[in-house]
Amino acid sequence: MCDKLNNVSVDGYTIEAEAGANLIETTRIALRHSLTGFEFACGIPGSIGGAVFMNAGAYGGEIAHILQSCQVLTKEGEIETLSVKDLAFGYRHSAIQDSGAVVLSAKFALSPGNHQVIKQEMDRLTHLRELKQPLEYPSCGSVFKRPVGHFAGQLISEAGLKGYRIGGVEVSEKHAGFMINVADGTAKDYEDLIQSVIEKVKEHSGVTLEREVRILGEKE
């Protein structure tokens with residue numbers, strides 16, 4: 001997917017990116033054209049298609065804030081253009097998740113900005129990520145959605161689960177909302193650790209954590 005459908009073009013204040021385009025690289029293209037609005041995503045790994053599908057966001061920004069429209073392939077094999085209203089965005093959710101459609105491309109409406117100011121903001125957010133997140137280890141990113149009135153990482157930490165490990169995967173000591181691969185961990189290790197953390201947090205605090213990551217395929 002990342003070898004195809006990965007073109008990115010700029011037309012005035014609009015960026016159009018195909019679904020396989022790298023999200024971080026797209027934010028850098030916005031920077032090169034002095035377009036502001038995409039800074040929040042400068043450290044979010046993944047593709048444009050995935051970002052639209054999940055309404056990716058960080059530091060107060062999210063895809064819903066800048067998306068103009070997206071093109072999808074429906075389950076019936078039709079190509080449709082959807083507006084932001086059609087997508088019914090919510091927290092880490094879009095209507096695409098319910099429809100079974102596949103994102104083909106997306107258009108983003110940005111604003112003209114000052115190159116240096118945009119770069120400074122991207123550098124600031126990158127520095128925050130480096131301070132707070134275990135970027136030195138492979139991981140699947142932020143594992144859980146933010147529970148209403150709580151922070152997932154805090155609940156996991158309060159349950160005494162920092163450093164908790166199954167197989168080659170453990171809850172990060174640096175940020176408990178991340179599970180890092182420290183010793184050739186497998187997909188099953190991740191699934192088992194996620195489920196165990198959900199159960200232990202529920203037992204400790206009464207809060208049921210909901211996965212932000214999506215699991216595809218079957219267990220080993």
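Predicted model: local features only at pLDDT ≥ 70, side-chain atom pairs only at ≥ 80, totals over all residues.
Local features are taken at pLDDT of at least 70 and side-chain atom pairs at pLDDT 80 or more, while totals for chains, interfaces and linings use all residues. Numbering starts from 1 along each chain as its sequence is written, and side-chain values use heavy atoms, with hydrogens and water left out.

**View 1. Y59, a non-glycine residue with a positive phi.** Phi sits near 50 degrees for Y59. Most residues other than glycine have a negative phi. Y59 belongs to the loop that links strand 4 (57–58) to strand 5 (61–62); strands here are DSSP runs of E with at least two residues, helices are runs of H or I with at least four, and both are numbered from the N terminus. With 37% relative accessibility, Y59 is partly exposed (that is, between buried, under 20% relative accessible area, and exposed, over 50%, using a 1.4 Å probe and protein chains only).

View 2. Look for A88 in the loop between helix 4 (84–87) and helix 5 (96–99). Its relative accessible area is 46%, so A88 is partly exposed.

**View 3. S172, a buried loop residue.** S172 lies between strand 12 (169–171) and strand 13 (178–181). Setting aside neighbours within four places in sequence, S172 touches P134, K162, F178 and I180 (contact means heavy atoms within 4.5 Å). From S172 to S157, 15 residues away along the chain, the C-alpha separation is 9.7 Å.
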